[in-house]
Amino acid sequence: MFDLADRVAVVTGGGTGIGKQMALALSKQGAKVAILGRRLEVLEESAEEISSISGNEVLPMATDVTEVDQIKEAHEKIKSELGTVHILVNNAGGGNNAPLSEITNEAWLKTQNLDVNGVMYMTREIGSSMVEAGYGRIINIASILGFGGLVELPIIDYATAKGAIINFTRAAATEWAQTGVTVNALAPGFFASEANNEEAMDFMKEMIEVRTPMKRPGKPGELDSAIVFLAADESTYVTGQIIGVDGGWTAI
């Protein structure tokens, strides 16, 4: 069950944090994985580490998901080196801790371009090929913050972008529901990452404990089962769903 051998997966933002964890999870299930990001050196180190653990091929590719030409070039290279893409994980994203009254136009547009436009560009490019092939698994990484804001932190740009990803997922799933391509999203709670470093997690510790029924952040590996399920053949009848992996955050 959940065997991904002979499958090719693409993970954006796959060099660090939860993107790297998800790329490893897919690779351990047998998939050949391409990890995309802006920093080739980081990607190469992560690819070597993932491949050494899983024994499967991992292709690092420096790609800016806000640049359509780079996406097209990456897609062609992935098809040439790994084969047809079956699984796309749109993980690349970010935001700013700036309140609405102070956020600059530049900061706002940068977040929307990366978090929303980048997902659309990747989905349009690779997803359209999946539709032609009659098979595909697209998994967008939203967030619990896509369901609302925080009193404790000013995250207006990030919350807006992740809210957009939630409805983009539903709309794309509806359009492609009869094509063999499923489109779902994960909405993680707080996990340690490059952005959520040790200092940031310490700062948010009390907030996470108060708001999360499990009273803790997510641990490495706790996204694995959800990402593997949505990537596998067994999730054929699951589309347009937003699955929270959040310790109960969205249950209250």
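Residues are numbered from 1 along each chain as its sequence is written, and side-chain values use heavy atoms, with hydrogens and water left out. Because the model is predicted, local features need pLDDT of at least 70 and side-chain atom pairs count only at pLDDT 80 or more, whereas totals for chains, interfaces and linings use all residues.

Q: In what order do the elements of the chain run from the N terminus on?
A: Helices (H or I, at least four residues) and strands (E, at least two) are taken as DSSP runs, numbered from the N terminus. On that basis the chain has 7 helices and 7 strands. Their order from the N terminus on is β-α-β-α-β-α-β-α-β-α-β-α-α-β.

Q: Why does the chain count as being as compact as a globular protein of its length?
A: The radius of gyration is taken over C-alpha atoms, and the globule rule is 2.2 Å times the number of residues to the power 0.38. The C-alpha trace spans about 45 × 40 × 35 Å along its principal axes. For 252 residues the rule gives 18 Å, and the chain is as compact as a globular protein of that length because its radius of gyration is close to this, at 17 Å.

Q: What percentage of the residues in the chain is buried?
A: A residue is buried under 20% relative accessible area, exposed over 50% and partly exposed in between (1.4 Å probe, protein chains only). The chain exposes about 12000 Å², by the Shrake-Rupley method with a 1.4 Å probe, and carbon and sulfur atoms supply 50% of that area. Of the 252 residues, the buried ones make up 48%.

Q: What share of the contacts with a separation of 6 or more joins residues 24 or more positions apart?
A: Contact here means heavy atoms within 4.5 Å. Among the contacts in the chain with a separation of 6 or more, the share from residues 24 or more positions apart is 75%.

Q: Which residues lie nearest the centre of the largest pocket?
A: A pocket is an open set of points on a 1 Å grid over the protein atoms alone, where a 1.4 Å probe fits and protein stands on both sides within 12 Å along at least five of seven lines; lining residues have an atom within 4 Å of a point. The largest pocket has a volume of about 1400 Å³, a volume being the space filled by probe spheres set on the points, which are joined across faces, edges and corners. It is lined by 47 residues, and those nearest its centre are Gly 93, Gly 94, Gly 95, Ser 193 and Ala 195.

Q: How many residues of the lining of the largest pocket are charged?
A: Asp, Glu, Lys and Arg count as charged, Ala, Val, Leu, Ile, Met, Phe, Trp, Tyr, Cys and Pro as nonpolar, and the others, Gly among them, as polar. Elements that each supply at least two residues of this lining include α1 (17-28), β2 (32-37) and α4 (105-133). The lining divides into 21 nonpolar and 20 polar residues, and the number of charged ones is 6.

Q: Which elements do the buried residues of α7 pack against?
A: Helix α7 covers residues 224-231, and Ala 226, Ile 227, Val 228, Leu 230 and Ala 231 are buried in it. The elements against which these buried residues pack are α1, β4 (87-90), β5 (136-141), β6 (181-188) and β7 (242-245).

Q: Which residues is Glu 81 in contact with, leaving aside its neighbours within four places in sequence?
A: Glu 81 has its place in helix α3 and is partly exposed, with a relative accessible area of 40%. Its C-alpha atom is separated by 43 Å from that of Phe 203, which is 122 residues apart from it along the chain. Leaving aside neighbours within four places in sequence, the contacts of Glu 81 are Glu 57 and Leu 59.

Q: Is Asp 6 buried or exposed?
A: Asp 6 lies in the segment before β1, and its phi is near 70°, a positive value in a residue other than glycine. Since its relative accessibility is 71%, Asp 6 counts as exposed.
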